[in-house]
Amino acid sequence: MNPIRIKGLDHVVLRVADLARAEAFWRDVLGCPEEKRNDALGLYQYRAGASLIDLVTLDGEIGRASACGPPAAGRNMDHVCIAIDPFDEAALRAHLLAHGVAPGPVVRRYGAGGDGPSMYITDPDGNQVELKGPPDPT
């Protein structure tokens, strides 16, 4: 029996080149409230439902230890998926466009809760973010 019992996404850590720009995206565009800040470490944590999005600056202790910034190619993460409810496509598009974020097409994709609507967007450092709506009614 596997001793690992996954309960859900705890956090995702993203290296960011411009903290103010990244904070504006995660806080203002996606609505993730700030939870904790540690300037010495260069670690800024934002609440995403039951999970956290951690932003790490390149000049903080953690960022200096990694010795590299957000890569231009060969990323070690494909995307982070954030479950949202409700999924109002028109409202999402208007909100994203008002913040200068290009919304992708809405496609039905399978996720942890089942098939449902999703849309890909890109954060200021080039990371893909999937906004995943609730599963389709069965």
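## Strand pairing

Two strands are taken to pair if DSSP finds at least two bridges between them. In this predicted model, strand 1 and strand 4 (residues 51–57) meet that condition, since they pair in the parallel sense over 6 bridges. Within this pairing, Val12 has Ile53 of strand 4 as its bridge partner.

## The sheet as a whole

The pairing of strand 1 with strand 4 belongs to an open sheet of 4 strands, which follow one another in the order 1-4-3-2 and whose pairing is mixed. The edges are held by strand 1 (11–16) and strand 2 (34–38), and because each of these has a single partner strand, one side of each is left without a neighbour in the sheet. On average, and with direction ignored, neighbouring strands of this sheet are turned by 20 degrees against each other.

Helix 1 lies across strand 1, strand 2, strand 3 (43–48) and strand 4, and its course runs at about 165 degrees to strand 4.

The structure holds 1 aromatic pair. The ring centres of Phe25 and Trp26 are 5.3 Å apart and the ring planes stand at 85 degrees, so the pair is edge-to-face, planes over 60 degrees apart being counted in that way. Both Phe25 and Trp26 are buried.

## Confidence in the model

For the protein the mean pLDDT is 86, and 89% of its residues reach 70 or more. Confidence is highest in helix 1 (residues 19–29), at a mean of 95, and lowest in helix 2 (residues 61–66), where the mean is 76.

Definitions and conventions. Residues numbered from 1 in each chain as written. Predicted model: local features only at pLDDT ≥ 70, side-chain atom pairs only at ≥ 80, totals over all residues. Heavy atoms only, no water. Phe/Tyr/Trp six-rings, centres within 6.5 Å; stacked < 30°, edge-to-face > 60°. Buried < 20%, exposed > 50% of the residue type's maximum accessible area, 1.4 Å probe, protein only. pLDDT = per-residue confidence, 0-100. Helix = DSSP H or I, 4+ residues; strand = E, 2+ residues; numbered from the N terminus. Axes fitted to C-alpha atoms, helices over the stretch in contact; angles between N-to-C directions. Contact = heavy atoms within 4.5 Å.
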